[in-house]
Amino acid sequence: MKNYLRFFVALTAVLLLAGQGLAQGTVKGKATDDNGEPLIGATVLLVGTSRGTATDFDGNYVLENVPAGEQQLRTSYTGYADLTQSVTVIDGQTVTLNFQLGEDVEVLEEVVVIGYGSVKKDDATGAVNAVSGESFNRGAIVSPDQLITGKIAGVQITANSGEPGGQSSIRIRGGTSVNANNEPLYVIDGVPIDNAAINPGGFQAGRNPLNFLNPEDIETFTVLKDASATAIYGSRGANGVILITTKKGKAGDRPRINYNVWASVAEPVNTVEVLNADQFRSLVTSAQPENLKLLQDADTDWQNEVLQSAFGQNHNLSLMGGGESFGYRVSAGYLNQDGIVRTSNTERTNFSLNFNQNMLNNSLKVNFNLKGAFTKDRISPNGVIGAGVSYNPTLPIRDPGSIFNGYYEYPLSVLNAGTNPVAELEQTLDLNEGARGLGNIEVNYDLPFLEGLSVKVNAGFDINKGERSRFQPSTIRFQLNTSNPGEVRAENYTRRSSLVETYLTYDRPIESINSRLNFLAGYSYQDFKNSFPSYVANGLPNDFFGNNNPAGANETQLRNSVIENRLISFFGRVNFDVSNKYLLTATVRRDGSSRFGPNNRWGIFPSAAFGWKISEEAFMEGTRDVLSSLKLRLGWGITGNQEIGDYQYLARYFPGDALSQYQFGNEFVPTIRPTAFDPNLKWEETETFNAGLDFDFLDGRFGGSIDVYQKNTDDLLFTVNVPAGTNLSNRVLTNIGSLENKGVELALNGYVVDTRSFQWNLGFNVAYNRNKITKTIGDEDEDFLGILYGGISGGVGTNIQVLRVGEAVSSFFVYQHILDADGLPRSDRVDYNEDGETNLLDMYIDQNGDGVINESDRVVFGSALPDLTYGLTSRMNYKNFDLNFTLRASTGNEIYNNVLSGNSARQNVTNQSAPPSNVLVRGLLVDFEEPQFLSDYYVEDASFLRMDNITLGYNFPLTGKAIALRLYVTAQNLFVLTDYTGLDPEIGNRATLGLPELGIDRDIFPRARTIIFGGNLEF
């Protein structure tokens, strides 16, 4: 053993001495552009190795320990052609080698990703917009979609709430559906994903399904907006497509380590102004002194008690580089972000890996992607936000001797009493824990027997596993009011999808006619399988075990759902470029989906587009010094929407719960519940027409585009009433209805200032969209008022929105209130018309003059959908400083203030069937004895201007070092300018299934104002 040890030590010493004896030298120099300007951060690589360095802020580099002799060094820089030069290295000496790089014409001709390929931006015939990393929004961003909020005309991204990682509503050129999903299709590195959120029955909405993807790993977002761009995705393209490309290493890149870190603090922007304890006692004393016995001596601001300062942190570490024929990137990240509602939190640990290899003289390319994340969320109950507004401010938070676990509550003998919001918040344990993995391998081979012909195979997977669980102990007041107090509810979820695609691409010039042909034909198979085993346990024997052990519960319900669907597709595309002036594109996709019955399982989705590079015509030659490029685009296509859920065309039966058993003598037998179905159900189809004009001035210093479009959706899915006995239920989802969207989009971008020391880039976009229902089931009936939906709090069964021909989706349907001399709505306690009665005729306009106020007198009063949306992005760089901000605005949309309508009436304190509840200070402006939920007074203008984010950064000049250091501070949601009297004028879609719920302000998790301090180190 000792002999082996001696031999190892001796061998090591010899190798070290031999290494020291190798002839080595140093190479230094400078990298500049054609004008002699230094290139900062250019890569200098010793060819044949992975050893390299980067230039500093003066363009200088130093590469040590280079073997003596003839060597080759290659320099690369984004936007410039790689340059390889030879140098003779002398042992122990330093030699100089300078590089002057020229612009890479192919790189500068911006390439955008499209479905199943890419195309030069100048050659795109569809409405395609790309946003890269340098233009992303900054801040404490959990959900990746927030990176591009306000960046693209016609793309409206609205967070459904302010909770960290909460779900979003994304509308590309308006919604094309009512009952079906309106969210776009996401394709991540070539893999279409299931972007449905995890929203189990009995739980409130969960988190954004994209949260597993680390924003730091994303390189570009590309949005396909019109049918000529999205029809290649067929039955999933009606709502647009968002292609996400993640960062990758490139062959020849030097190894680079990047560490990004930030810490954040968030505060509530404001709260609803309600009566304080003294004001509330005074109101109860004057309005209903009998209720004074239900008041206490405390002075509690319940909103402040449920809100908090929220802290967050994010760390991301990545290694990226490449060798002679391969590139790689690995990263790991950790995020922990609190919400401003107490107990809410999201935590994520993620990793990603990309490896790409070129072989056989670059004729064979292999690309491997893998991403994974572990997430853990604690979700606060939404009800506490509304309770924080309305709960009695004279009540204390705690009562050590109470049966409610030390929290103060009304005695159980007090009927219809709410629950202490702090008690519910602190005792409810609502958790979501999950893991998601997404990966694929792409193999591209240039076939040797025909130049320009290649075959590509893409195999991928998406696995999402986890558990959503909630524990509510028996000591919560509303639990003690049930027959079986204490509840544990849990649902495991497993979502799997597998993808196999293969397609041929032929790309060759036709020199005889100065043209180019690109042809693509392929096949796609994607399988989705989901399982949701769940249980609900009520009547817990004790609260000691939380949600870990429901054994011994008085009532237990066990269920398991296994759902599977499959999509098989054939697709093709032809691009024909004639003389670099005339561009023709045609696509077709044939989809077969198991979500539909045999009669409607297959559909064909075609598109065609034409582009004309007007600036390339001879008659435009004299204008090119000013008008660099001008292109006309015309497009048409048909896309589909199959996001309706599974098995809707089949008769289905579900087991009933313990409350729906049937008694036979002394035995209770579980029941089976049927659901309605339509065997002829098919996907919605959207036909789109688009005309666009792209333009650039002064060699691309200024540019933009303008688009005009119309989208017509037919076979619109509605849930409608059917005659009793004709189906398994009295309501069924079926195809009947049509919807239209018309719009105009304008996008402008350019450098206002472009000098060596100061650059200022401005981007502006504005979009107009008019949404209109053109057909519904009740059109033949003159008395048909429309399909009512949009349930509100406070009025049981009261709906505030309507679907009606000629009106937009999410239109508000209200009575028109008569105003008094002060411009306020008339009181419900005054006989204004002096007919001896105090009724609705005294308050509301009798629209049809029949002397009665009823449903026929309700009118459409605005919509939650905006007429115009705006975005303004500014990026400024002055020497080592940078200042970036994004402003967003929306006009023409309304919002229903359910917080105000539910907390404005004297009945809140005079009601004898429930304890008194608080009212808004603004609610006292009107004199309502009873809530007037259907008054147009509560529909308010929701136009706004929001400073989404603003960032100030500084890049430290580390002369002579291959290190880049940047520190920055960011403010999110810095201010909002609006006339809306509620907390926030921007309300997303709260509905998880069925008809949308847009623009109804109730129990919304408020957005925070966040300050972020961060840094980025690269070496």
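The chain exposes about 44000 Å² of surface, and carbon and sulfur atoms supply 55% of that area. The areas come from the Shrake-Rupley method with a 1.4 Å probe; for residues, only the protein chains shown count as cover. This is a predicted model: local features need pLDDT of at least 70, side-chain atom pairs count only at pLDDT 80 or more, and totals for chains, interfaces and linings use all residues. Residues are numbered from 1 along each chain as its sequence is written, and side-chain values use heavy atoms, with hydrogens and water left out.

Now the inside. Of the 1019 residues in the chain, 51% are buried. Buried means under 20% relative accessible area, exposed means over 50%, and partly exposed is in between (1.4 Å probe, protein chains only).

Next, the overall build. The chain has ten helices and 53 strands. Helices (H or I, at least four residues) and strands (E, at least two) are DSSP runs, numbered from the N terminus. The radius of gyration is 32 Å, close to the 31 Å that the globule rule gives for 1019 residues, so the chain is as compact as a globular protein of that length. That radius is taken over C-alpha atoms, and the rule is 2.2 Å times the number of residues to the power 0.38. Along its principal axes, the C-alpha trace spans about 105 × 80 × 65 Å.

What share of the contacts with a separation of 6 or more comes from residues 24 or more positions apart? The share is 70%. Contact means heavy atoms within 4.5 Å.

Let's look at helix H4, residues 277–287. Ala277, Phe280, Leu283, Val284 and Ala287 are buried there. They cover an arc of only 125° around the axis, so they sit on the same side of H4. The arc is that of the directions from the helix axis to the C-beta atoms. In general, an α-helix has 3.6 residues a turn, so residues three or four places apart point the same way. On the other side of H4, Asp278 and Ser286 are exposed. What do the buried residues of H4 pack against? They pack against helix H10 (907–910). At the start of H4, a side-chain oxygen of Asn276 reaches to within 3.2 Å of the backbone nitrogen of Asp278.

On to strands. Two strands pair if DSSP finds at least two bridges between them. Strand S36 (residues 702–714) runs antiparallel to strand S39 (residues 738–754), joined by twelve bridges. Lys711 stands opposite Asn741 in S39. S39 also pairs with strand S40 (residues 758–775), antiparallel, over 16 bridges. There, Asn741 stands opposite Asn771 in S40. A hairpin of three residues joins S39 to S40.

Is Arg633 buried or exposed? Arg633 is buried, with a relative accessible area of 3%. Its side chain makes a polar contact with the side chain of Asp707, at 3.0 Å. A polar contact is a pair of N or O atoms within 3.5 Å; within protein, one must be able to donate a hydrogen and the other to accept it, and residues adjacent in sequence count only if both atoms are side-chain atoms.

Last, an open sheet. Three strands lie in the order S48-S47-S52, with mixed pairing. The edge strands are S48 (939–941) and S52 (1000–1001), each pairing on one side only. Strand S47 (residues 894–897) and S52 pair in the parallel sense over two bridges. Tyr896 has Ile1000 in S52 as its bridge partner.
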